[in-house]
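Me: I am new to this structure and would like to understand the terms used for it. Could you take me through them one at a time?

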Amino acid sequence: MSMTHLLGLKDVPYEDIKQILDTAFEMKEILGRGEIKKKDNLNGKSIITLFFENSTRTRLSFELASKYLGAVAANIAASGSSVAKGETLIDTAKTIDSMAADVIIMRHSSSGAAKLIADNVNAAVVNAGDGMNEHPTQALLDMMTIRENKGHIDGLKVAIIGDIKHSRVARSNIYGLHTMGAEVVLGGPSTLMPSNIEGLGVKAYYNVEDAIKDADVVMGLRIQLERQKSGMFPTIREYSKFFGIDEKRLKLAKPDAIVLHPGPVNRGVELSVPVIDGKQSLINEQVTNGVAVRLAVLDILANNGGKKN
Ligand code: CP
């Protein structure tokens, strides 16, 4: 694989996604070990997580994956860094790069921020979520969970429901699932659909029922109150009533359909509590697979990526 950074899945070919997923399945073996969860693939490498937005799953799984592979891992949060004193993003990234970082993993509220630093540093850059653009490792772990449970991705119908417009998870999944041969349909209020749906090569429904019908995979998305301008739907209660995935709506999907959600979940809003905790839900498996995917991405990029210091 010639990949030097992982900024998004838009232009990542089938073979590269397959290689990352194959590696993630191999890496998952580390997580099943009893006491020693370690390999030395990244001995001597330094990996920095730079998060300008909150995170539990992504940041922790990258940090654990770095340590499981023997790298030196350090993290920096915007509030505790010199960004708070007015340093620019590029200067901050160059400062980290000057400390001979091999991989920089960044989450930022601006779309395109990861590409901006990738263009200005020697290290390999992983986009851990940039604004409303992409969150590639989330889509990879979603695809891993689908493949693990269905045996394949191609030919499956995947319904993504909710706030598509603000969702970098939706965008990365649309690109990645499309490349891997799945049929992707979207469901949600028209105010939460992006304006360029046709350009994304997917079908959109403005109700949940039509989108979910006969789906193999039902993916709920978080209502992103922090990115939303007011007026996109009347109230949370109404959103949940008309667009929430409950047991009745889930019955419209195939009987063996699986339920995914990237987390964090607003319980009782985008998914009902019985659906979140039900047998079809693989939300906890997604978290475990998140570590496996990040092990794979770091292993590939730390050894291949960046322009080298
Ligand atoms: N899904 C996801 O990105 O979760 P975090 O915000 O907790 O990292």
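Predicted model: local features only at pLDDT ≥ 70, side-chain atom pairs only at ≥ 80, totals over all residues.

Me: How do you know where domain 1 and domain 2 lie in the chain?
Reply: The domain assignment gives domain 1 as 14–133 + 288–304 and domain 2 as 136–285; such bounds come from an automatic or database assignment.

Me: What makes residues of domain 1 and domain 2 part of the contact?
Reply: Contact means heavy atoms within 4.5 Å, and 29 residues from domain 1 and 25 residues from domain 2 take part.

Me: What is meant by the area buried between domain 1 and domain 2?
Reply: Buried area is the accessible area (1.4 Å probe) that two parts lose on being put together, summed over both. Here that area is about 2,200 Å², and carbon and sulfur atoms give 60% of it. On the side of domain 1, Phe 25, Met 132 and Asn 289 lose the most area to domain 2, together 26% of what that side buries.

Me: Why is the pair Glu 148 and Lys 28 called a salt bridge?
Reply: The term requires a side-chain nitrogen of Lys or Arg within 4 Å of a carboxyl oxygen of Asp or Glu; the side chains of Glu 148 and Lys 28 meet at 2.7 Å, N to O, and therefore qualify. Across the interface of domain 1 and domain 2, the rule finds 3 salt bridges.

Technical notes
Residues numbered from 1 in each chain as written. Heavy atoms only, no water.
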